[in-house]
Amino acid sequence: MLRLPNVADTVERVRPAVVSIVSEIIVSGFFGPRSSFGSGTGVIIDPEGLVLTNNHVVADSQNITVTLDDGTQMEATVIGADRLSDLAVLQLPGSGYTALPVDQDARLRVGEWVIAIGNALALPGGPTVTVGVVSALGRSIESSPGVTLYDLIQTDTVINPGNSGGPLINLEGSLVGINTAVRRVSASGVTVEGIGFAIDMGTAAQVSEQLVRLGRVRWAWMGVILADLTPGVAAEVGLS
């Protein structure tokens with residue numbers, strides 16, 4: 001007898017650790033400063049109120065409002081953010097929160113069921129739940145000019161604006177990824193569907209640990225410049 005996964009019980013356990021995020025950015029206008037708002041999702045990763053989300057959800061924001069699953073709203077502060085990994089850690093006031101711990105050794109297989117929970121389109125009435133599978137591992141995409149995200153999880157789980165920063169979980173309710181991007185158009189301009197990406201926990205664990213400890217990420221730097229050895233350069237420096 002075919003038994004489908006019990007998604008409802010898993011979601012019920014995990015939802016208290018998922019928060020919606022509204023960030024306020026104050027911009028200068030012709031008639032003076034005005035507020036612009038963006039929405040996203042975060043996941044509480046520590047009972048002391050640490051929230052993991054995407055950097056682009058909170059970048060340049062002056063005020064960050066977090067709403068818990070029970071409707072409680074509070075202001076959050078940014079502990080650290082990293083543009084190169086598109087991750088950020090926020091701090092909520094107080095403690096005793098329901099959390100989904102970051103597991104660096106979370107193992108996934110292609111074809112495994114996964115669940116995305118997030119503040120899709122900032123719809124009222126609680127987070128949106130979608131279900132899919134792991135489509136591929138080790139993907140990379142250019143998230144913004146000059147910034148490439150590596151070792152991503154590709155999934156056909158539906159991800160929409162507002163889902164960014166939310167958890168991708170397995171059927172046991174373990175955190176396996178941070179939803180971050182979706183591809184809707186191919187390089188040739190063809191419309192595509194079912195191609196979403198999440199940051200894997202190997203990256204999320206290392207980055208979040210440094211953001212909490214240092215407030216930033218110390219990336220390795222080679223300090224090397226590469227150039228082709230042309231005949232002209234070879235003759236100039238005395239090489240064959």
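User: How many bridges join β3 to strand β6?

Analyst: This is a predicted model, in which local features need pLDDT of at least 70, side-chain atom pairs count only at pLDDT 80 or more, and totals for chains, interfaces and linings use all residues. Residues are numbered from 1 along each chain as its sequence is written, and side-chain values use heavy atoms, with hydrogens and water left out. Strands (E, at least two residues) and helices (H or I, at least four) are DSSP runs numbered from the N terminus, and two strands pair if DSSP finds at least two bridges between them. Strand β6 covers residues 87-91 and runs antiparallel to β3, and the bridges between them number four.

User: Which residue in β6 stands opposite Thr53?

Analyst: Thr53 belongs to strand β3, residues 50-53. Its opposite number in β6 is Ala88.

User: Which residue in the turn of the β2 and β3 hairpin has a positive phi?

Analyst: Strand β2 (residues 32-46) pairs with β3 in the antiparallel sense over three bridges, and Asp46 has Leu50 as its bridge partner. Three residues lie between the two strands of the hairpin. The turn residue with a positive phi, about 95°, is Gly49.

User: In what order do the strands of the closed barrel run?

Analyst: The barrel has six strands with antiparallel pairing. Its neighbouring strands are turned by 40° against each other on average, direction ignored. Axes are lines fitted to C-alpha atoms, for helices over the stretch in contact, and angles run from 0 to 180 degrees between N-to-C directions. The order is β1-β2-β3-β6-β5-β4.

User: Which element gives the largest share of the lining of the largest pocket?

Analyst: A pocket is found on a 1 Å grid over the protein atoms alone, as an open set of points where a 1.4 Å probe fits, with protein on both sides within 12 Å along at least five of seven lines; lining residues have an atom within 4 Å of a point. The largest pocket has a volume of about 320 Å³, the space filled by probe spheres set on points joined across faces, edges and corners. Of its 17 lining residues, Leu84, Ser85, Tyr150, Thr203 and Trp219 are closest to the centre. The largest share, six residues, comes from β9.

User: Which strand gives the most to the lining of the second largest pocket?

Analyst: This pocket holds about 250 Å³ of space. Its lining has 18 residues, with Ser20, Thr67, Asn119, Gly126 and Pro127 nearest the centre. Four residues come from the strand that gives the most, β1 (residues 18-29).

Notes: Buried means under 20% relative accessible area, exposed over 50%, partly exposed in between (1.4 Å probe, protein chains only).
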